[in-house]
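Opening the notebook on a new model today.

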Amino acid sequence: ERIGSATSLSSAVINSRLQELVKLFRERTEKVKEKLTDPDVTSDDESPATSPAKPAPVAAPMPAPGGEPEGDKPGGDEHYCEMLCCTFKYRPWLDRLKSYQFPSSIDPLTNLMYVLWLFFVVMAWNWNCWLIPVRWAFPYQTPANIHFWLLMDYLCDLVYLLDILIFQTRLQFVRGGDIITDKKAMKENYLRSQRFKMDVVCLLPLDFFYFKVGVNPLLRFPRCLKYMAFFEFNNRLEAILSKAYIYRVIRTTAYLLYSLHVNSCLYYWASAYEGLGSTTWVYDGEGNSYIRCYYWAVKTLITIGGLPDPKTLFEIVFQLLNYFTGVFAFSVMIGQMRDVVGAATAGQTYYRSCMDSTIKYMNFYRIPKMVQNRVKTWYEYTWHSQGMLDESELLVQLPDKMRLDIAIDVNYNIVSKVALFQGCDRQMIFDMLKRLRSVVYLPNDYVCKKGEIGREMYIIQAGQVQVLGGPDGKTVLVTLKAGSVFGEISLLAAGGGNRRTANVIAHGFANLFILDKKDLNEILVHYPESQKLLRKKAKKMLRNNNKPKDEKGAPGDPLIIPPKADTPKLFQAALAAMGRAGGKGPLAQLLWRLKELKAMQATQVSVGRVATGLCFLRCPGQLQRLLLRCLKAGSSFSPTPPKSPVHRRSPAASHKARVHLGEELFSKSSDSLVTIRVIATAQDDEEILAAEISEKEEEDKEEK
């Protein structure tokens, strides 16, 4: 029952946690759908963060046979593995080791476990190469310690055997461009290789001759033929080291030390052959035999001199061969060391060469010292921060796909946060990453200046930049840090909108990525949908950043009569309804008059061109005389429209000079198309104002 209750409790907790995760995923899916439906909407909100993982308890502890529950026992040996949503207790390391399954195939180029195994193989190979000559020449192998030597020998043989049976038969290989992982094919490939033949020769059982000739170390000399594993280990190790030249120097030094080691062993053998201390040339048998013979080998190979002259023919021949071999071996070692050091410092040499050439050029043209110092500072900072002067030179040899992979790892996290590019085609962003170029700016260098044409977008990789503004142009408006982007609107702005609106300077050393407008246009040719989206976003950003401001005091034509207010929407609807009905009532006449007044304001003539024929109305005398004076003076203005298209009385009698009954005042416009007449009436407070349009103007209106 307890087991069942504990299992049900654990299942309930896990189910509740899974339901919570499903809910969070559903919310994220809805947000993604909303974003896909309206791609123009770019949200800076991050995806919903999951709640802290609540560890799911393991099954309830069972009581111990003695009645004490297991939970009361010290849990120092318990191990936990945190996963996505729960915390599981995993088995001890011994159980995991027992359940470990060896891989069926091994990638020799990238598998670190294989590199580690090669290290053990190389250690076994070095044991044989270094100690077989010592045991053969020097009297270090004795019957008292023979068991130790044999134990180490057979451990090395075991390593050789495991390498043949387990590792070499599981190595993947390439055939016809395909990576072969089939067990049978990998085994057959190894059996047909040259390495298999050398491995078999290495393990020839010459040890059986021990029973006849004794334990002679020379019988183990074939173990030294496993040199192919040594060179493979060198290649794999150099591929994973960040500073491989250090290992190359160590390896070359080991070559020199090994040649001296072999020479010292040969010298002791020659001395023993002639007799220790028999002549002045041989080893006299005093002190540490290996150290003294090694000292003699160093003086011989390096040809320092000061050695005793050989006495016998054997000594003379041995010394001549030693000299020739020493000169050849030492010259090879020195040449190889020079190549290794030269390859390690090739970049530094190139940097110095470029800097020296630039300084020579500036001195020849007498460039000011201030400019020269800034150039030197740029060279030094760029080299120390990047390790190279131009990153593009390093990546130009790589295939396009590999350059893209490197660009994604370096720049994608920054570019994907740019609001302008959110919602665009992912492949378009990948193509854009390959066009980014790195530029280093010195402190107080102008990245861009106000008013200049913007042709680049900047992404801050390292350092800070400051945006300057204000009346003096030196006020720091904002400081942008690593990961910020500026100048993106200039990539798509048109019609003069791509001018810089502020000065941007580098605050300290700043490393920026630059994307040219030309490169972006070449990319957008292949992505028309993204091009439309980017242009739409650019226009929206321009509207937000460049809102029109009212300019007070701007020069303009003086208005004699202020413009009329907009017609109410309800009134416009009524007029439209009367127009559709074809009515000729007061609303229709009023609509006709409003159209006339709009035409009068648009053309800014003294009196608008009214409909065909004569239009009579009664208005106050002040307005009549004002119109006549404007016509005579040649002024142009927009009169305020009357409140009603019908006759009306003035609310009070105007104080003006009367026009006698029957008299008529008239005036013509500058183009003689409109004639204004004022006719006196029998009533004192009313006069008739008549506007006449020529027939030519009427015909033009009818044609329109």
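My entries follow, grouped by topic.

**Ground rules.** I am working from a predicted model, where local features need pLDDT of at least 70 and side-chain atom pairs count only at pLDDT 80 or more, while totals for chains, interfaces and linings use all residues. I number residues from 1 along each chain as its sequence is written, and side-chain values use heavy atoms, with hydrogens and water left out.

**Salt bridges.** I count a salt bridge when a side-chain nitrogen of Lys or Arg is within 4 Å of a carboxyl oxygen of Asp or Glu. By that rule I get 21 salt bridges.

**Around D207.** R220 meets D207 at 3.6 Å, N to O. R220 sits in the loop between helix 7 and helix 8 and D207 in the loop between helix 6 (194-202) and helix 7, so this pair ties together parts 13 residues apart in sequence. My helices (H or I, at least four residues) and strands (E, at least two) are DSSP runs, numbered from the N terminus. D207 also bridges to R223, at 3.5 Å, N to O.

Buried or exposed, I asked of R220? R220 is buried at 0% relative accessibility, and D207 is buried too, at 11%. I use under 20% relative accessible area for buried, over 50% for exposed and partly exposed in between (1.4 Å probe, protein chains only).

**R223.** I place R223 in the loop between helix 7 (210-213) and helix 8 (227-240). R223 is buried, at 2% relative accessibility. Leaving aside neighbours within four places in sequence, I see R223 in contact (heavy atoms within 4.5 Å) with residues including W125, Y160, C202 and D207.

**D445 and R374.** This salt bridge has its closest N and O atoms 2.1 Å apart. The pair links distant parts of the chain, with D445 in the loop between strand 5 and strand 6 and R374 in helix 13 (residues 369-386), 71 residues apart. R374 is partly exposed, at 34% relative accessible area.

**Strand 10.** I looked up why strand 10 (residues 503-516) is largely enclosed by the rest of the structure: eleven of its 14 residues are buried. Strand 7 (residues 456-469) runs antiparallel to strand 10, joined by eleven bridges, and Q464 stands opposite H507. Strand 5 (residues 437-441) pairs antiparallel with strand 10 over five bridges; I call two strands paired if DSSP finds at least two bridges between them. Strand 6 (residues 446-448) is also antiparallel to strand 10, with two bridges.
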